[in-house]
Amino acid sequence: MSIIQFLRILWARRWVTIAATLSCVLGAFIVIMIVPPRYAAYSRVMMDLVKPDPVTGQITAPNFARAYTKTQIELIRDYRVAGQVVEDLGWLKDPNLITQYDMRGPGDDRDFRRWAAQLVIDGTGVSLIEGSNILEISYTSNSPEGARTVADALRKAYIDTSLAFRRESARRTAEWYGEQTEKAKTVLVAAEAAKTAYEKQTGIVLQDDATDLESAKLSALAQASAAPAMPVITGPSASAMQLAQIDATIAQASRTLGPNHPDLIAMRQQREVMASQVAQERSAAGAMAGASAVSAGALERQKSKVIGQRDQVERLRQLQAEVNLRRAQFEKAAARTAELRQEAEIGETNLVPLGSAVTPQAPSFPNVPLIMFGALGFGLGFGVLVSLLIEMFGRRVRGAEDVTAVIDAPLLAVIAGPRKSRGFLGLQLPARTAQGPGRRKFANA
């Protein structure tokens, strides 16, 4: 079908197209007049995902931000949020809603709260503003004031529900961690009791560095024995040589001096002092030799004692390691329990309300320009489709193209009809006379 044929069909069936278009436009106008207007109010809330959590210090990872956002959108449209809106707005005592609830269908077995909450859910819309962390909550109602009130109530209920979810989750987890803390405490007390009983049984006590007293004594003796020894004097000391020299001087002086001579008395007193010093040096040298012998024996005896109780000390160290492990588990569980209990009492979330909803001044539905232009376009398209269908079931020859499309034969002539019968795209064609097979001759009509 060529464009000329198509336009001829539309012009021939123009009244069908006009009737269909007018019918659609009229129907759209009637719908606009009958359908009650609906108003949409919007409230916004910002999800502060970048700010660290005030209790845990955690930040929502970018990989989980999309899933978190979808979860929040579904939460706003959840029954728990809608049910709280119903309670906050006092719909459970609204006589009009009670009357509508009583007139519900026989197959509807929902309770009044869930039925009213479904009304809120049906009118609620949630979307994430592109390129931001702001959720836009909308509510559509027949009343502009009612739409604004419910939009604000939805945002408040959503924030309260998010906070309640967080507190409830933290409380449940804190209870579980509390139970684990008590269990860890019981195990810790049992481990400490076993260690104490073993210490009483063996008489071995570990120090802070996990070293027993006997090992500490052995270490001290080993350090003492490893200290540099005093040089051993093999010959007479300087004091002994001075003493011998004084004795020789006294013997020589006694030959010439009397026994009571002052010089002889002074030399005798000097000898007494020097003899006392020599005696002290000899006593110290003997003591050092005895101490060295005693230290070597004590070291060997201490080694034997430490080796003999090595198994007991190792067992005690194992008990001490068990105690340390149980104490670390107890302290970790107790710290986590305290953190969760603090989180269960938190009064803030990462949701920040942005202003309040504004009472809409114009209805969001019906959109008169959109509906009218849509009805006009639909009517034109429907009229054209009906015109083509009618033409298919009642095909007519409206031009030379219609004949050549059906009959596979040469067209010899086209006779123009009366002038009054010419319509849209009617062509005033010249008369044609045949001059031979397959040839045409044109003359003025």
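A residue counts as buried when its relative accessible area is under 20%, as exposed when it is over 50%, and as partly exposed in between, with a 1.4 Å probe and protein chains only. By this definition Glu136, at 17% relative accessibility, counts as buried.

The model is predicted, so local features need pLDDT of at least 70 and side-chain atom pairs count only at pLDDT 80 or more, while totals for chains, interfaces and linings use all residues. Residues are numbered from 1 along each chain as its sequence is written, and side-chain values use heavy atoms, with hydrogens and water left out.

**Overall picture**

The protein chain has 13 helices and six strands, which are DSSP runs numbered from the N terminus (helices H or I, at least four residues; strands E, at least two). Of its 445 residues, 27% count as buried. Among contacts (heavy atoms within 4.5 Å) between residues at least 6 apart in sequence, 75% join residues at least 24 apart.

**Helix H7**

Helix H7 covers residues 144-202, and its 59 residues should span 87 Å at 1.5 Å a residue, which agrees with the 86 Å between its end C-alpha atoms; the expected span is 1.5 Å times one less than the number of residues. Just after H7, Gly203 takes a positive phi of about 75 degrees.

**Salt bridges**

The structure holds 16 salt bridges, each being a side-chain nitrogen of Lys or Arg within 4 Å of a carboxyl oxygen of Asp or Glu.

| Pair | Distance (N to O) |
|---|---|
| Arg44 and Glu136 | 3.2 Å |
| Lys195 and Glu199 | 2.8 Å |
| Glu339 and Arg336 | 2.7 Å |

Whereas Glu136 is buried, Arg44 counts as partly exposed at 36% relative accessibility.

Lys195 and Glu199 are four residues apart in helix H7, and about one helical turn separates them. Lys195 is buried, with a relative accessible area of 14%, and Glu199 is buried as well, with 15%.

Glu339 and Arg336 both lie in helix H11 (residues 310-344), three residues apart, or about one turn of the helix. Glu339 counts as partly exposed at 26% relative accessibility, and Arg336 counts as partly exposed at 28%.

Elsewhere, Glu145, Arg148, Asp152 and Arg155 are linked in a network of salt bridges.
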